[in-house]
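I set out to record, entry by entry, what I looked up in one structure. The notes begin with the chain as a whole and then turn to its parts.

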Amino acid sequence: MKNTASTFHRVHKLSVIGGFLDGFEVTFSNGLICLIGPRGTGKSTVVEMMRYALDALPGKPGDALRRRAESLIESNLGDGRIELVVETKNGITYTITRVFGDDPEVLDEHGHSVSMRIRGALLFQADFFSQNEMESI
């Protein structure tokens, strides 16, 4: 019997349904994810959308860093929604879906809503660093 447990969580896919980026989809390989590209290609938008889906935007409510991230999400998402497919280190796959201004909703692998909190939960944890955050480290 194959052991499907891993030592880390995985982000499988980010999709945008509706809004300015309708139809955008990126599939990630396992391990460290690093987005590289020229200015204006959407690297920060991808990072902030993943953070937003996971209810893990940078900074504190109301500060400049948080307002910048929220503005980026709102302008690109509009009335669309983010779908982030993640897999826990225990091999359980969830889809986290979020519309701007609403709380994230967690769906199981069959698309059924799961009563689960994202923020502060141990369901799925990931560290995200923008270019500016990397430079400050």
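**Entry 1: The chain as a whole**

I first looked up the surface of the protein chain, which exposes about 8700 Å², with carbon and sulfur atoms supplying 51% of it. I note here that the model is predicted. Of the 137 residues of the protein chain, 34% count as buried. I then looked up the contacts with a separation of 6 or more, and residues 24 or more positions apart account for 49% of them.

For the secondary structure, I found three helices and six strands in the protein chain. Read from the N terminus on, the elements run β-β-α-α-β-β-β-β-α.

**Entry 2: The sheet**

In which order do the strands lie in the sheet? I found an open sheet of six strands, ordered β2-β1-β3-β4-β5-β6, with antiparallel pairing. β2 (25–27) and β6 (113–114) stand at the edges with a single partner strand each, so one side of each has no neighbour in the sheet.

I next followed the pairs around strand β4. Strand β3 (residues 81–87) pairs with β4 in the antiparallel sense over seven bridges. Within this pairing, Glu87 stands opposite Thr93 in β4. The two strands form a hairpin with five residues between them, and Gly91 in the turn has a positive phi of about 85 degrees.

Strand β5 (residues 105–107) also pairs with β4 in the antiparallel sense, over three bridges. Here Thr95 stands opposite Leu107 in β5. β4 and β5 again form a hairpin with five residues between them; Gly101 in the turn has a positive phi of about 90 degrees.

Further along, β5 and β6 pair in the antiparallel sense over two bridges. The bridge partner of Val106 is Val114 in β6.

Is strand β4 largely enclosed or left open? Five of the seven residues of β4 (residues 93–99) are buried, so the strand is largely enclosed by the rest of the structure.

**Entry 3: Helix α2**

I then turned to helix α2 (residues 64–77), which has 14 residues. From its first C-alpha to its last, α2 reaches 20 Å, close to the 20 Å expected at 1.5 Å a residue.

Which residues of α2 are buried? They are Arg66, Ala69, Leu72, Ile73, Asn76 and Leu77. Seen down the axis of α2, the buried residues fall within an arc of 130 degrees, so they line one face of the helix. On the other side of α2, I found Ala64 and Ser75 exposed.

I also looked up what the buried residues of α2 pack against, and found β1 (10–17), α1 (43–53), β3 and β4. After α2 comes Gly78, whose phi is positive, near 55 degrees.

**Entry 4: Asp55**

I recalled that most residues other than glycine have a negative phi. Asp55 has a positive phi of about 55 degrees although it is not a glycine. I located Asp55 in the loop between α1 and α2. With a relative accessible area of 22%, Asp55 is partly exposed, because buried means under 20%.

**Entry 5: Salt bridges**

Side chains of opposite charge can pair when their charged atoms come close. How many salt bridges does the structure hold? I found four salt bridges, and I describe three of them here.

- The side chains of Asp55 and Arg98 meet in a salt bridge at 3.4 Å, N to O. This pair links distant parts of the chain, with Asp55 in the loop between α1 and α2 and Arg98 in strand β4, 43 residues apart. Arg98 is buried, with a relative accessible area of 8%.
- The side chains of Glu25 and Lys13 meet in a salt bridge at 3.9 Å, N to O. Glu25 lies in strand β2 and Lys13 in strand β1, so the pair ties together parts that are 12 residues apart in sequence. Glu25 is partly exposed at 48% relative accessibility, and Lys13 is partly exposed with a relative accessible area of 28%.
- The side chains of Arg81 and Glu83 meet in a salt bridge at 2.9 Å, N to O. Arg81 is partly exposed, with a relative accessible area of 31%. Glu83, at 23% relative accessibility, counts as partly exposed.

Definitions and conventions
Residues are numbered from 1 along each chain as its sequence is written. This is a predicted model: local features need pLDDT of at least 70, side-chain atom pairs count only at pLDDT 80 or more; totals for chains, interfaces and linings use all residues. Side-chain values use heavy atoms; hydrogens and water are left out. Buried means under 20% relative accessible area, exposed over 50%, partly exposed in between (1.4 Å probe, protein chains only). Helices (H or I, at least four residues) and strands (E, at least two) are DSSP runs, numbered from the N terminus. Two strands pair if DSSP finds at least two bridges between them. The expected span of a helix is 1.5 Å times one less than its number of residues. The arc is that of the directions from the helix axis to the C-beta atoms. Contact means heavy atoms within 4.5 Å. Accessible areas come from the Shrake-Rupley method with a 1.4 Å probe; for residues, only the protein chains shown count as cover.
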